[in-house]
Amino acid sequence: MSSRTPQHLDDDNSGSLSDDSSSRTLVTLILFPPAFVMIIEKYGLRVAQLITAGCIAAGASIRIIDTDSSVVNNIVQDAGEFLNGIGGVLPMAGSTMLSLKWFPEGERRTATAFSTGTQQIGLALSFLIGPILVDDIKPVDMVNISFDPNDTISGDPGDTKQELKDQIWTYFYVQTAYAGILFLMIILYFPSAPPRPPSEVSFSQREAILPGVLKVVRMPKFWFLASVYGLYPGFFNSYLSILDVDLQPKGFTQVLAGWIGFTTTLSGAIGGIFVANLADRLRRHNPIKKLLLVLLSAGFGAFLF
């Protein structure tokens with residue numbers, strides 16, 4: 001579905017057309033990580049994953065509620081976005097804990113990359129699923145726009161307003177069904193840890209959370225790594241979220257922009273898994289830092305040109 005908010009669909013109460021959804025997601029990513037760390041340490045990955053999947057399923061379910069009150073609808077959509085933001089905390093930070101608990105030292109880089117890579121693949125698929133379920137919005141002269149009695153836009157051969165609304169709601173229903181199925185699968189089976197630890201480190205006693213956090217924040221290397229990790233995906237994901245908007249003045253359709261986002265994200269996911277596997281195989285020689293610097297420099301150069 002397009003990131004643009006067409007004015008002739010302003011009364012459609014879909015959460016994906018809300019301009020401040022990114023702000024709500026950012027708030028949840030700042031406030032809730034400490035809570036999930038404590039949940040994982042005290043109750044294990046299963047409980048944390050159940051909360052995550054439950055929030056995502058609840059957020060998707062709330063978003064399909066529609067009433068005659070625009071105020072109530074806005075509150076419902078905001079609540080759905082907020083719950084979905086809470087559900088995004090663990091997938092972004094839980095991969096390392098999963099690989100630590102389930103895999104030996106020589107496989108953890110690959111396991112972590114596979115976990116984060118599959119998330120990126122899911123993001124890549126969203127570039128295709130949206131345009132498949134919701135048609136692209138035809139360019140319209142909003143100054144001279146007029147509506148006919150059948151609620152179609154004069155001079156616009158595209159879908160009617162109601163048809164676009166129906167497609168958007170179908171998109172929401174598909175999201176809700178998918179989130180509900182995943183939540184049910186996690187309820188049925190998602191153990192916190194394997195029956196036998198893959199290594200001694202997997203089940204070793206860890207330092208208390210608060211003293212550990214205080215120790216880490218005093219380390220300059222932590223802030224350097226956190227900045228590198230946060231800035232790159234932050235810029236990249238922000239750019240991808242409005243890719244069709246940025247490319248539209250150049251004549252790119254929503255579908256074509258979706259294919260560009262799909263191939264870009266998929267390439268990054270597969271490349272990350274490949275590099276992580278290489279790092280596991282060559283961990284004693286550790287040439288990966290130099291390789292990553294070359295790849296990042298090549299990627300940066302590609303954006304310049």
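Predicted model: local features only at pLDDT ≥ 70, side-chain atom pairs only at ≥ 80, totals over all residues.

User: Which residues of helix 7 are buried?

Analyst: The general idea comes first. An α-helix has 3.6 residues a turn, so residues three or four places apart point the same way. In this structure, the buried residues of helix 7 include Leu 164, Ile 168, Trp 169, Phe 172, Thr 176 and Ala 179. Lys 161, Lys 165 and Gln 167 are also among the buried residues of this helix.

User: What span does helix 7 reach from its first C-alpha to its last?

Analyst: Helix 7 runs over residues 161–188, 28 residues, and reaches 41 Å between those two atoms. That value is close to the 40 Å expected at 1.5 Å a residue.

User: How many helices and strands does the protein chain have?

Analyst: The protein chain has twelve helices and zero strands. Of its 305 residues, 31% are buried. Among contacts between residues at least 6 apart in sequence, 74% join residues at least 24 apart.

User: Which residues make up the largest nonpolar core?

Analyst: Again, the general idea first. In soluble globular proteins, nonpolar side chains tend to be buried together. Here the largest nonpolar core has eleven residues, including Phe 36, Ile 39, Leu 45, Cys 55, Ile 86, Leu 90 and Met 97. Two or more residues of this core come from each of helix 2 (33–43), helix 3 (45–63) and helix 5 (89–102). Helix 5 gives the most, four residues. A second, separate core has nine residues, among them Phe 127, Phe 236, Leu 240 and Ala 257.

User: Which residues does Cys 55 touch, leaving aside those up to four places away in sequence?

Analyst: Cys 55, a member of the largest core, touches Leu 83, Asn 84, Ile 86 and Gly 87.

User: Where does the nonpolar surface patch draw its residues from?

Analyst: The patch covers about 630 Å² and is made by Leu 210, Val 213, Leu 214, Val 217, Met 219, Phe 222 and Trp 223. Helix 8 (209–217) and helix 9 (220–241) each give two or more residues to the patch. The largest share, four residues, comes from helix 8.

User: Why does Phe 222 count as partly exposed?

Analyst: Phe 222 lies in helix 9. Its relative accessibility is 31%, and therefore Phe 222 counts as partly exposed, a class that lies between the buried limit of under 20% and the exposed limit of over 50%.

Methods. Residues numbered from 1 in each chain as written. Heavy atoms only, no water. Patch = residues over 30% accessible without salt bridge, like charges linked within 9 Å, V, L, I, M, F, W, Y side chains within 5 Å. Areas by Shrake-Rupley, 256 points an atom, 1.4 Å probe, with all protein chains shown as cover. Salt bridge = Lys/Arg side-chain N within 4 Å of Asp/Glu carboxyl O. Buried < 20%, exposed > 50% of the residue type's maximum accessible area, 1.4 Å probe, protein only. Core = buried A, V, L, I, M, F, W, Y, C linked by side-chain atoms within 4.5 Å. Contact = heavy atoms within 4.5 Å. Expected span 1.5 Å × (residues − 1).
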